[in-house]
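I would ask colleagues to read the following note beside the sequence and the coordinates. It goes through the model point by point.

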Amino acid sequence: MKKIKLSFANLTVEFTDRNLALRRIEEWAEKSTFPVQVIYGPEGCGKTAWLKQSIELLKELGLNVIYVNPLNKEVITEFGITNLRDRFLTLVRDAIAQNALGRLAWLAFDIAKELIKETRSKVAVITDDAFQIMGIRNAAMYVKALLNLIEYPPEMYERIITIAATSEGVSLREIGRHEWADLRPMWNMPKEGFRQLYEQIPGDKLDLLETWKLTGGNPRMLENLYKVNWNIDVVIEDIIRRRNITPQFIARWRNWLEEAIKDPDTLWSPNAPEELINELIEKSLILYFLPERKPWFWIDQPPLEKDPELGIGRYVAWQTPLHREAIRKALGK
């Protein structure tokens with residue numbers, strides 16, 4: 001399989017790792033997906049890179065592919081029906097011009113239906129980072145629509161793959177209440193894959209082990225460190241600002257946060273305030289209710305059962321150690 005090139009800060013790097021997740025794509029290409037596959041995980045853990053490499057794999061396996069990323073205003077069309085592709089791209093440009101970005105996911109759904117009618121063949125529709133723009137209710141409706149596409153297609157088809165990926169955790173609760181999708185987390189990169197990415201970065205840099213302990217294998221955090229010349233404080237301050245970790249937030253939840261930076265599973269306690277948990281999820285600081293570390297439940301290699309050094313508990317984890325450090329700094333620790 002041809003490895004794609006990816007933009008990384010001001011660099012161009014080659015896709016690395018995610019071999020287990022790519023094998024899962026091969027399995028789905030052989031027998032379709034049922035139900036919809038919803039992939040979630042920490043922001044910047046590499047979901048989009050994996051999906052773009054998956055497009056290359058699906059092309060080689062003979063599938064017609066539609067990919068949309070409303071957050072990045074990006075679409076990729078890998079199918080050969082010219083008039084259908086041109087019509088789709090025109091509608092996409094109109095939606096972007098009108099700032100109706102949530103419409104892009106529905107346009108991908110509509111074009112997938114048309115592809116099934118036209119080809120009765122193998123179709124993959126991939127929606128990346130749409131839930132935040134669509135909102136909770138519309139995100140759930142969209143997943144149900146994708147399930148209907150599998151179960152009640154406009155024509156019989158050979159195979160269909162439906163994937164939706166997100167870093168936004170609030171919609172998952174609504175989607176998870178129904179049996180419309182398999183929710184599978186993707187964690188940050190394992191050590192070997194992270195090392196391969198790290199070694200593509202030129203110049204002087206932090207020691208590999210130190211970088212691993214700061215990022216927990218998260219490519220976005222590695223990129224952020226590189227962009228600010230490895231100034232850890234700048235990255236932490238940026239997290240505090242972007243996640244709106246205000247003095248009021250810290251003052252209200254100080255005692256619980258002090259315990260959570262020691263052990264994130266503190267938030268799994270029956271006494272843990274649900275409002276705090278919801279805020280931490282909404283601020284994209286933690287992942288909550290992690291599944292068992294069995295391969296079936298994860299799209300790629302899962303984290304350790306517990307890893308205190310990286311802020312990973314059995315049921316709750318900080319998105320990266322740098323996110324935990326942002327809370328620690330805001331606490332004045």
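Predicted model: local features only at pLDDT ≥ 70, side-chain atom pairs only at ≥ 80, totals over all residues.

The points below begin with the chain as a whole and then turn to individual strands, loops and a helix.

1. The chain contains 14 helices and 10 strands. Its radius of gyration is 20 Å, close to the 20 Å that the globule rule gives for 333 residues, so the chain is as compact as a globular protein of that length. Along the principal axes, the C-alpha atoms occupy a box of roughly 60 × 45 × 40 Å.

2. Burial and contacts across the chain. Of the 333 residues, 54% count as buried. When contacts between residues at least 6 apart in sequence are considered, 71% of them join residues at least 24 apart.

3. Strand β3 pairs with β7 in the parallel sense over 4 bridges, with Val38 having Ala164 as its bridge partner. Strand β6 also pairs with β7 in the parallel sense, over 7 bridges; here Asp128 has Ala165 as its bridge partner.

4. Asn69 in strand β4. Is Asn69 buried or exposed? Its relative accessibility is 0%, and a residue under 20% is classed as buried, so Asn69 counts as buried. Asn69 belongs to strand β4, residues 64-69. Its side chain reaches the backbone nitrogen of Leu71 at 3.1 Å and makes a polar contact with the side chain of Asp128 at 3.2 Å. Beyond its neighbours within four places in sequence, Asn69 is in contact with Thr48, Glu74, Asp128 and Asp129.

5. The β4-β5 hairpin. Strand β4 runs antiparallel to strand β5 (residues 74-78), and 5 bridges join the two. Tyr67 has Ile76 of β5 as its bridge partner. The two strands form a hairpin with 4 residues between them, and Lys73 in the turn has a positive phi of about 55°.

6. Backbone features in loops. Which peptide bond is cis? The bond from Phe34 to Pro35 is cis, with omega near -10°, and Pro35 is located in the loop between α1 (19-31) and β3 (36-40). Arg120 has a positive phi of about 50° and lies in the loop between α4 (103-119) and β6 (122-128). Asp129, one of the contacts of Asn69, has a positive phi of about 55° and lies in the loop between β6 and α5 (131-134).

7. Val13 in strand β2. Val13 is placed in strand β2, residues 11-14. With 3% relative accessibility, Val13 counts as buried. Leaving aside neighbours within four places in sequence, its contacts are Ile4, Lys5, Leu6, Phe8, Leu197 and Gln200. Val13 and Trp106 are 93 residues apart in sequence, and their C-alpha atoms are 32 Å apart in space.

8. Helix α9. Which residues of helix α9 (residues 208-215) are buried? They are Thr211, Trp212, Leu214 and Thr215. These residues cover an arc of only 165° around the axis, which puts them on the same side of α9. An α-helix has 3.6 residues a turn, so residues three or four places apart point the same way. The cover over the buried residues of α9 includes α8 (191-198), α10 (219-227), α11 (232-242) and α14 (321-330).

9. The ends of α9. At the start of the helix, a side-chain oxygen of Asp207 comes within 3.0 Å of the backbone nitrogen of Leu209. Just after α9, Gly216 adopts a positive phi of about 65°.

Technical notes
Residues numbered from 1 in each chain as written. Heavy atoms only, no water. Buried < 20%, exposed > 50% of the residue type's maximum accessible area, 1.4 Å probe, protein only. Arc of directions from axis to C-beta. Contact = heavy atoms within 4.5 Å. Polar contact = N/O pair within 3.5 Å; in protein donor to acceptor, adjacent residues only side chain to side chain. Rg over C-alpha atoms; globule rule 2.2 N^0.38 Å. Pairing = 2+ DSSP bridges.
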